[in-house]
Each structure stands twice: as structure tokens, then as C-alpha cells.
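Please look over the sequence and the model shown below.

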Amino acid sequence: MPLDPHLAGVLQMMAGSGAKPVAEGTPEEGRSGYLALTAGSLTPEQRVPVGSVQNTTVPGAAGWVPARIYQPEGAGPFPTVVYFHGGGYVIGNLDTHDNMCREICRVAQAAVVSVDYRLAPEHPFPAGIEDAVAAAKWIVANARELGGNGIVAVAGDSAGGNFSAAVAQQLRDAGTPLAAQFLIYPAVDHVAAAYPSAEQNARGYFLEADTMAWFYNHYAGGYANTLDPRLAPLQAANLAGLPPAVIVTAEFDPLRDQGAAYAQALRAAGNQAELIEGPGMIHGFFDMGRWSPGAQAIVTRSIERFGALLKK
């Protein structure tokens, strides 16, 4: 399918903005640019309405980290979704993913706890994933006190999808079951050359090969074991007994084939895994529904499928 014409316009807008490519800048510049593209480009009427939003903190691996709790409209208690934002382990925060969390909260009818884990390069691997695991364990243990009904799932996009998949594995190993996992164009392997989409979509579609290398080098460039499942959940020795998954991919995304391979591997290990492909979509489209009706349709459908897992 051709590139979604609305997203093609977004790419043209970004290309003509004169902004420095992420891979040519500092982490601080990348963070500022990402915030401007996401929350900074949002008009008040585009902000998804929810019942309530509360800033708080939750335990990370080395102390409390910021978090934000979204509650749906209506009478609870609701299922709880622990959300890990994307941004290549280096950029992104609670604000860049505020509207995505609102969307999941509203459509899935779930309380969303967005976790602001520590970022690289200030805190390289494994700081971020250790924060994610610690926060998820605490939220599971305290879900009812947070207003939930005891059903807890994980969700995340890109790097946050990596964290969600790794957290699901580690909580399984700890005997802490989760109801579901929602992996939005996740980075689940770091041997990119093994996947045709990494080469096919290496340039021109928002997430580029040199940007991915920049992210990885900041996060785990000094760590030799690229097959560590905390880095590459697809390489885990045991994929059995994991929660049902909804995995979303985008046609013009270098990570497309990784996500599809993880869905296949989960099914081969006896798990339930639904793959929702995004024809004509690019990496990042989950926050671009305000510009693309096609993107919004896939966003809504995939959240509805994830929400259905929370009601079982």
C-alpha cells in the first residue's frame, strides 16, 4: 500500500522545518524537538478527554520516579495499564505521550499509569528497564489502592514496547501474572540486519537507521551482550506462559518485521498474540491520528482489541 497521504504531508512538514536530525544533535536537543513535535503541536481541542489526570510518583529501581495516572470517565474501578513511553530510551517523557495515554484510557476504559523511567545517556542500560520492572511490580501490588479492579496489563510504544515485553517476561518469572501486553511498533531485537524492513525503511519514514543507532549507542553502546532479553525480548530462551498480546506494526517502519516476528514467536510458544498491521503507516503514527484519519482508525481498533483482553 502507498504511504498514507496525510502522513506523507507530515513527513514533508518535518523535512521542511529545518530542524536538526536527532542523530546529529545532543540528547537535550532531541528531547526538546520531540516535545515540540508531540505535546507542542497539540491544540486544546485535540487533547483527548478523560475523567481525571493526577501527577504522582512510583518506585523505580533507585528511588521514586515521576508518574501520571489517568482515570476514565464513569464509575470504576477499572483495569490498570502500566504505560512505558517511547523515545529510544533517550528522549520522551510523560508530556510527549500524554495524549496517547489519554486515548488508551478513553477507548480501553482503563486507568493508565504512565511511568517516567530514567533516560540514557545519563542513566544507561539497565537503569530504564530496571525502573520499569520495579514500577510495574509495585503497581500490580497496589492496583486496588490506586483505584483499579486488580486486573493489570502493560503497554508501550517503540522503546516502551521493548520495556513492556521485557517486563512481561520478568514478571512472569517472578510469579506475578499480567492480564495482557500491548506492544506498539516495539523494538524487540537489536540485530536489525536480520529484518528486511530495517533496510527497506532505513531512510525517509521518521524513524531512520542512523537515529536508531544513536539511540542504542546512548542506551547500551557499552554493553556487549546484544542478546540479553532485557534488551532483546525476542531472544529470550523461554517465551511460554506470557500474557495475551496485541502487537501493532507500521508498514513503513524499520521495526515492522521485529514486531511481526515477536507475534509469531509468542504464538509458537503457545501464547495468544494478535498482530495488527498498519498499511501505509510510519513509526510514530499512534500519535498522528489528529492528522491522519487512516492512522486514527488503526489506533482506535487496536486499543479496542487490547481493551477486550482486559475484560476477560
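Helix 3 gives the most residues to the lining of the second largest pocket: 4 of them. Keep in mind that this is a predicted model.

**The second largest pocket**

The second largest pocket holds about 160 Å³ of space. It is lined by 14 residues. Closest to its centre are Val48, Asn99, Glu103, Arg290 and Gln296. Which elements give two or more residues to this lining? They are helix 3 and helix 9. By class, the lining has 7 nonpolar, 4 polar and 3 charged residues.

**Helix 3 against helix 9**

The two helices that share this pocket lining also pack against each other. Helix 3 covers residues 98–108, and helix 9 covers residues 293–310. Their axes lie 9 Å apart, at an angle of about 55°. Helix 3 is therefore oblique to helix 9. The crossing is right-handed.

Which residues make the contact? Helix 3 brings Glu103, Ile104, Val107 and Ala108. Helix 9 answers with Gln296, Val299, Thr300, Ile303, Glu304, Phe306 and Gly307. These contact residues divide into 6 nonpolar, 3 polar and 2 charged.

**Helix 4 against helix 5**

Now turn to another helix pair. Helix 4 spans residues 127–141, and helix 5 spans residues 159–173. They pack at an angle of about 60°, with their axes 10 Å apart. That angle makes helix 4 oblique to helix 5. Helix 4 passes helix 5 in a right-handed crossing.

From helix 4 come Gly128, Ile129, Ala132, Val133, Ala136, Lys137 and Val140. From helix 5 come Phe163, Ala166, Val167, Gln170 and Leu171. The contact residues split into 9 nonpolar, 2 polar and 1 charged.

Here are the two packing pairs in one table.

| Helix pair | Angle between axes | Distance between axes |
|---|---|---|
| Helix 3 and helix 9 | about 55° | 9 Å |
| Helix 4 and helix 5 | about 60° | 10 Å |

**The cavity**

How many cavities of 30 Å³ or more does a search of the whole structure find? The search finds 1. The largest cavity has a volume of about 30 Å³. Its lining is made by Ile69, Gln71, Thr80, Ala111, Val113, Ala143, Leu146, Gly147 and Gly148. Strand 2 (64–71) and strand 4 (111–115) are the elements that give two or more residues to this lining. Sorted by class, the lining has 5 nonpolar and 4 polar residues, and no charged ones.

**Backbone details**

Next comes the loop between strand 4 and helix 4. Pro121 lies in this loop. What kind of peptide bond joins Ala120 and Pro121? The bond is cis, with omega about 0°. The peptide bond from Phe125 to Pro126 is also cis, and its omega is near 10°.

One more residue deserves a look. Tyr89 sits in the loop between strand 3 (78–84) and helix 3. Its phi is near 70°. That is a positive value in a residue other than glycine.

**Putting it together**

Technical notes. Residues numbered from 1 in each chain as written. Predicted model: local features only at pLDDT ≥ 70, side-chain atom pairs only at ≥ 80, totals over all residues. Heavy atoms only, no water. Axes fitted to C-alpha atoms, helices over the stretch in contact; angles between N-to-C directions. Parallel < 35°, antiparallel > 145°, perpendicular 65-115°, else oblique. Left-handed = near helix turned anticlockwise from the far one by under 90°. Contact = heavy atoms within 4.5 Å. Nonpolar A, V, L, I, M, F, W, Y, C, P; charged D, E, K, R; others polar. 1 Å grid on protein atoms, 1.4 Å probe; cavity = no way out; pocket = protein on both sides within 12 Å on 5 of 7 lines; lining within 4 Å. Points joined across faces, edges and corners; volume = space filled by probe spheres on them.
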